[in-house]
Amino acid sequence: MTYAKTKGLLRFFTYCFFGWMWESTYVSVKDRKMTNRGFLRGPWIPIYGFGAMTVLIATGFVRNNVFLVFIVGSLAASVLEYVTGVIMEKIFKVRYWDYSSQPMNLNGHICLKCSIVWGVFSVLIVNFIDPFVSRIIAFVPYKYAGFIATGLLALFVVDIVFSVRDALYLKDIAVKIYDDGILSERAENILNEISVFIRDIPFAAHNGAEEYVSLAFDENAKKKQGSKAAFLEKLDRQKKRKLSFYTYLLEKCDELLYELAKKFPCAQSDREYEKLLEYEYALIAIKESIKKSLSREGTYSHNEYRRAAGIIRRNPSAGSREYDFGLQKLRELSKRSK
């Protein structure tokens, strides 16, 4: 690796670290608790490293004009942030930052206020921060600089690999929770409609998992055991409730199928017969969907849920246009006891 590339890497990692310091401090102060911000696990946020290097390259021909540095740096960094946001949402189905509530935003990925902040950062980076950073790096002997840059790059790549894996877990689990929510709502609506048709009474909603399992949860005891134990307990409770609820729905499907079977010989018209047949197919489809959902329950281990929850904790403002219900449920699950 040439000395120029080594210095470039060290500058990149320095700005990644500065960005992590900035965001982690801001979020920690705002939420009044220590927060390790960012998509990655380590003390670096790549968008700041790439943003700083993009600004330095883009403003190279105007760095003597503060106004042009502000404009060019703001535009270059905003384009980078927009493209990065679009690509990450496309891959992971999650927005790790969302400016939809900000005025003058573009599809929620960038907004005027943040572009102005990027412009201010550009002026500071070009005129003050980068000269200081470059002087510090210049003091590091070449053989040590190369060793440090190579070591940081190796750690960075490993962090990316594991964080992308965790983000894919998060996406799949959020989609799974969302699909389960849709299935539950659809099943209850269909069962209610069929129950009214057959019995003239609404479907009796499930009254909780206590009918099947004991879900006593001592919050104080779990606080003593630590956040990991609390998370695992909440996850087990959620799975038991789901099993209880789906077991209840399967039983009710069987009951209604049995009653439908007795109605077929008594059908007064072809239309009524077709309606009974339609309901029978609907109940069978619901049963198959529930069984499929239950078969997927063991797809992800407790550790994979924890890794997905770690992404949520590091990115408290993350959201999803398609699967926000699943993301919110996972966020509730990942909340640590205070």
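The structure is a predicted model, so local features need pLDDT of at least 70 and side-chain atom pairs count only at pLDDT 80 or more, while totals for chains, interfaces and linings use all residues. Residues are numbered from 1 along each chain as its sequence is written, and side-chain values use heavy atoms, with hydrogens and water left out.

**Pocket and cavity**

- The largest pocket holds about 1300 Å³ of space. On a 1 Å grid over the protein atoms alone, a pocket is an open set of points with protein on both sides within 12 Å along at least five of seven lines, a cavity is a set where a 1.4 Å probe fits but cannot get out, and lining residues have an atom within 4 Å of a point. Grid points are joined across faces, edges and corners, and a volume is the space filled by probe spheres set on the points.
- Of the 37 residues lining this pocket, Glu-23, Arg-37, Tyr-48, Trp-97 and Tyr-99 are the closest to its centre.
- Two or more lining residues come from each of α1, α2 (46-58), α3 (66-92), α4 (112-138) and α5, and α1 gives the largest share, six residues. Helices here are DSSP runs (H or I, at least four residues; strands are E, at least two), numbered from the N terminus.
- The lining of the largest pocket has 24 nonpolar, six polar and seven charged residues. Ala, Val, Leu, Ile, Met, Phe, Trp, Tyr, Cys and Pro count as nonpolar, Asp, Glu, Lys and Arg as charged, and the others, Gly among them, as polar.
- There is one cavity of 30 Å³ or more, and the largest cavity has a volume of about 40 Å³.
- Gly-85, Met-88, Glu-89, Val-94, Arg-95, Tyr-96, Trp-97 and His-109 line the largest cavity; by class they are four nonpolar, two polar and two charged.

**α1 against α2**

- The axes of α1 and α2 lie 7 Å apart, at an angle of about 125 degrees, which makes α1 oblique to α2. Axes are lines fitted to C-alpha atoms, for helices over the stretch in contact, and angles run from 0 to 180 degrees between N-to-C directions. Angles under 35 degrees count as roughly parallel, over 145 as roughly antiparallel, 65 to 115 as roughly perpendicular and the rest as oblique.
- Residues of α1 in contact with α2 (heavy atoms within 4.5 Å) include Tyr-15, Trp-22 and Glu-23, and their partners in α2 include Tyr-48, Phe-50 and Met-53.
- This contact of α1 with α2 divides into 10 nonpolar, three polar and two charged residues.

**α1 against α5**

- Helix α1 (residues 3-31) and helix α5 (residues 142-199) have axes that come within 9 Å and cross at roughly 50 degrees, and are therefore oblique to each other.
- On the α1 side the contact includes Leu-9, Phe-12 and Phe-13, and on the α5 side it includes Ile-148, Leu-152 and Phe-156.
- The residues of this contact are 12 nonpolar, two polar and no charged.

**α5 against α10**

- The axes of α5 and helix α10 (residues 324-334) come within 7 Å and cross at roughly 105 degrees, so α5 is roughly perpendicular to α10.
- Among the residues in contact are Ile-173, Ile-177 and Tyr-178 of α5, with Phe-325, Leu-327 and Lys-329 of α10.
- By class, the contact of α5 with α10 has eight nonpolar, two polar and one charged residues.
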